[in-house]
Amino acid sequence: MPKFNFIERNDTRFNSVNWQKLGFGKYFADYMFVANYRNGKWDDGKIVPYGPFEIEPSMMTLHYGQTIFEGLKAYYNVKGGINIFRPDKNAQRLNNSAKKLVIPEYPVELFIQAVKEVVHYNKAFVPQKRGESLYIRPVLFGNSNVLGVHPSDDYMLIIFASPVASYYEEGLNPVKIKVADNYVRAVRGGLGSAKTAANYAASLLAGQEAKKNGYSQVLWLDGVNLSNIDEVGAMNILFVLNGEIITPSLEAGTILNGVTRDSVLHLAKSMGIKTSERVISINEIFEGLQNGKLSEAFGAGTAATISPVGILSYKDNDYVLGDGKIGTISQKMYDTLLGIQYGEIEDKFGWIIQVN
Ligand SMILES: Cc1ncc(COP(=O)(O)O)c(C=O)c1O
């Protein structure tokens, strides 16, 4: 395991944070981890102050988008320590994304170690209020300076952190989601399951139109027939139909294998709630709404945690779910997940890594 160089901390950034109004992704913690891939291998990496770095206009990622990222969180636990939630899953997903984008993988153990170091050196930036956390953003991109469409020779991995509150202004209040009926995000055989810039770039226009009309995010349908449900802009989607939690399966490779989605499915099983991962058509959802069998819908994501869906809009009609209030199962998932993350509930799954 490499020993990272430690640079004395300073409080300039810390003092500029508005702790009463953190929002999401507005402030950045003092230190970041940087590793470089040169001549076919990763260097040891080091912790350096967060800040700008020089790039050349020909840097490949700017042109061809060979870049992948991750998102995970560290929580102040009730015993005064810091919990990181399932960093191994993010390390594995980063490497899955890497395969799709022809990027060299980064060893899982070194990734976890680097995340721990970033949290350790930025300890003062971990918010202490429940519901707030230190969001950790690893980003890995090709940075050779050359033009032409081919994979980069050189790469850089940066892991930085941001103290955050809720992703949505609504907090735990239900969000309004617009079903995309004229744009697509991903198709079978494409990049949908990778956490890469292209997927988010493809979502911007639809997202902006949805926001203009008062919706928080877009629910994507499959990219061929626009008939089956994929996922929401920054979270996976789960429904409660006939008391069972159903969610789109990962099989088509068009959606992100969410860590929160996976955690909810595990929690549901441990609570004796039936779950199924399968193809879900938009028609099945509207039928369920009409016959009263669909009781809840919620998004699941690291940034958004558990986010109940209050309104689904499809082809200019708004459909209200569960009286527009958070449902029983969504609430239970939210309470249990946050309980584990903040150390109030025993972690029976081995999901937490402690940092002191
Ligand atoms: C497109 C998309 N789907 C799903 C998720 C949820 O994944 P996770 O629970 O790992 O944060 C995210 C957020 O990272 C996302 O950006």
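L62 sits in helix α2, residues 60–64. Helices here are DSSP runs of H or I with at least four residues, strands are runs of E with at least two, and both are numbered from the N terminus. The model is predicted: local features need pLDDT of at least 70, side-chain atom pairs count only at pLDDT 80 or more, and totals for chains, interfaces and linings use all residues. Residues are numbered from 1 along each chain as its sequence is written, and side-chain values use heavy atoms, without hydrogens and water.

L62 counts as exposed because its relative accessibility is 54%. Exposed means over 50% relative accessible area, buried means under 20%, and partly exposed lies in between (1.4 Å probe, protein chains only). Together, F53, I55 and L62 make a nonpolar surface patch of about 290 Å². Patch residues have over 30% relative accessible area and no salt bridge; like charges are joined within 9 Å, and nonpolar side chains (Val, Leu, Ile, Met, Phe, Trp, Tyr) within 5 Å.

## The ligand and its shell

There are 17 residues around the ligand, and R93, Y200, E231, T260 and T302 come nearest. A residue counts as near if one of its heavy atoms lies within 4 Å. By class, the shell has seven nonpolar, six polar and four charged residues. Ala, Val, Leu, Ile, Met, Phe, Trp, Tyr, Cys and Pro count as nonpolar; Asp, Glu, Lys and Arg count as charged; the others, Gly among them, count as polar. At least two shell residues come from each of β11 (229–232), α7 (259–271) and β15 (294–301).

Polar contacts are pairs of N or O atoms within 3.5 Å; within protein, one must be able to donate a hydrogen and the other to accept it, and residues adjacent in sequence count only if both atoms are side-chain atoms. A polar side-chain atom of T260 is 2.5 Å from an oxygen atom of the ligand. For R93, a side-chain N or O atom lies 2.7 Å from a ligand oxygen. V259 uses its backbone: a polar atom there is 2.8 Å from an oxygen atom of the ligand. The protein covers 97% of the 380 Å² of accessible area that the ligand has on its own. Accessible areas come from the Shrake-Rupley method with a 1.4 Å probe; for residues, only the protein chains shown count as cover.

## Salt bridges

The count is 10 salt bridges. Each is a side-chain nitrogen of Lys or Arg within 4 Å of a carboxyl oxygen of Asp or Glu. In one of them, R38 pairs with D154, with the closest N and O atoms 4.0 Å apart. R38 lies in strand β1 (residues 31–38) and D154 in the loop between β7 (133–142) and β8 (155–164), so this pair ties together parts 116 residues apart in sequence.

Helix α7 takes part too. D262 and R86 meet at 2.9 Å, N to O. D262 lies in helix α7 and R86 in the loop between β6 (82–85) and α3 (87–100), so the pair links parts 176 residues apart in sequence. Both D262 and R86 are buried. R261 and E277 form a salt bridge at 2.8 Å. R261 is buried, at 2% relative accessible area, while E277 is partly exposed at 39%.

## Positive phi angles

Most residues other than glycine have a negative phi. N242 has a positive phi of about 55°. N242 is in the loop between β12 (236–241) and β13 (244–248). T305 has a positive phi of about 50°. T305 belongs to strand β16, residues 305–314.
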